[in-house]
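Subject: Structure for you to look at

Hello,

Here is the structure I said I would pass on. Please open it next to this email and follow along.

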Amino acid sequence: MSAFAAPALAMNATRIASRRARVLADHVRAVPRRAPTEAHRVATKATSGKNNADVEVSDEEMQRLTGLITKKIDDNDVVVWAKSWCPYCDEIKALFDDMEVAHLAVDLDKFNEEKALVSALARMTGQRTVPNVFIGGAHIGGCDDTMALKKSGELRKMLTDLGVSFKQA
């Protein structure tokens with residue numbers, strides 16, 4: 001890499017981070033938080049019995065997992081942290097598939113470190129349930145939050161502002 005390329009790459013990374021922060025500030029502030037639905041409460045009860053958040057993880061391991069999660073979020077415009085058996089996760093994956101949005105869907109239950117990954121995500125976001133959706137590097141929330149963005153038209157605006165291509169309905 002030439003002496004001129006490194007500063008240019010650093011400036012580009014800063015520009016992307018700034019753009020993502022602006023998009024988040026413009027859109028997420030306007031999203032009202034809704035009370036969980038009865039179906040959401042049932043799903044939360046079902047997953048809470050598995051004690052995903054109660055796993056003990058060393059500080060070193062938590063840093064490693066947080067770094068892995070952060071890298072995936074930084075490398076992809078849309079990331080859905082999910083579980084393969086979750087109907088709410090399927091709903092969000094189908095939403096992005098139907099919109100033809102390039103996204104990374106990570107089924108946490110396919111990893112040996114599932115409980116530790118869920119714990120790391122919970123520390124990062126305060127959300128213990130899936131799906132856990134990130135757009136433009138920003139935590140959006142779960143299924144209800146993402147569907148509210150879609151209904152209000154904010155999801156399309158966020159994706160457009162990020163330069164993410166999608167199918168117009």
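Below is what was found in it, from the overall layout down to single residues.

Please keep in mind that this is a predicted model.

Overall layout. The protein has seven helices and four strands. Read from the N terminus, the elements follow the order α-α-α-β-α-β-α-β-β-α-α. Of the 169 residues, 36% are buried. Among contacts with a separation of 6 or more, 70% are between residues 24 or more positions apart.

Helices 3 and 5. The axes of helix 3 and helix 5 come within 9 Å and cross at roughly 70°. An angle from 65 to 115 degrees counts as roughly perpendicular, and helix 3 and helix 5 are therefore roughly perpendicular to each other. On the helix 3 side, the residues that meet helix 5 are Met62, Leu65, Thr66, Leu68, Ile69, Thr70 and Ile73. Helix 5 brings Ala116, Leu117, Ser119, Ala120, Leu121, Arg123 and Met124. Sorted by class, this contact has 10 nonpolar, three polar and one charged residues.

Helices 4 and 6. Helix 4 (residues 87-98) packs against helix 6 (residues 143-152) at an angle of about 30°, and their axes are 10 Å apart. These two helices are therefore roughly parallel to each other. Their crossing is left-handed. Tyr88, Glu91, Ile92, Leu95 and Phe96 of helix 4 make the contact with Cys143, Thr146, Met147 and Lys150 of helix 6. By class, there are six nonpolar, one polar and two charged residues in it.

More on helix 6. Which residues of helix 6 are buried? They are Cys143, Asp145, Thr146, Ala148 and Leu149. The cover over them includes helix 4, strand 3 (132-135), strand 4 (138-141) and helix 7 (154-162). Just after helix 6 comes Gly153, with a positive phi of about 90°.

The core. The largest nonpolar core has 38 residues, and those touching the most other members are Trp81, Phe96, Val101, Leu108, Ile135, Leu155 and Leu159. At least two residues of this core come from each of helix 3 (59-75), strand 1 (78-82), helix 4, helix 5 (114-125), strand 3, helix 6 and helix 7.

Leaving out residues up to four places away in sequence, Phe96 touches Val78, Val80, Val101, His103, Val133, Ile135, Thr146 and Leu155. Thr146 also belongs to the contact of helix 4 with helix 6, and Thr146 is buried.

Regards

Note on methods: Residues are numbered from 1 along each chain as its sequence is written. This is a predicted model: local features need pLDDT of at least 70, side-chain atom pairs count only at pLDDT 80 or more; totals for chains, interfaces and linings use all residues. Side-chain values use heavy atoms; hydrogens and water are left out. Axes are lines fitted to C-alpha atoms, for helices over the stretch in contact, and angles run from 0 to 180 degrees between N-to-C directions. Angles under 35 degrees count as roughly parallel, over 145 as roughly antiparallel, 65 to 115 as roughly perpendicular and the rest as oblique. A crossing is left-handed if the near helix is turned anticlockwise from the far one by less than a right angle, and right-handed if clockwise. Contact means heavy atoms within 4.5 Å. Ala, Val, Leu, Ile, Met, Phe, Trp, Tyr, Cys and Pro count as nonpolar, Asp, Glu, Lys and Arg as charged, and the others, Gly among them, as polar. Buried means under 20% relative accessible area, exposed over 50%, partly exposed in between (1.4 Å probe, protein chains only). A nonpolar core is a set of buried Ala, Val, Leu, Ile, Met, Phe, Trp, Tyr and Cys residues joined through side-chain atoms within 4.5 Å.
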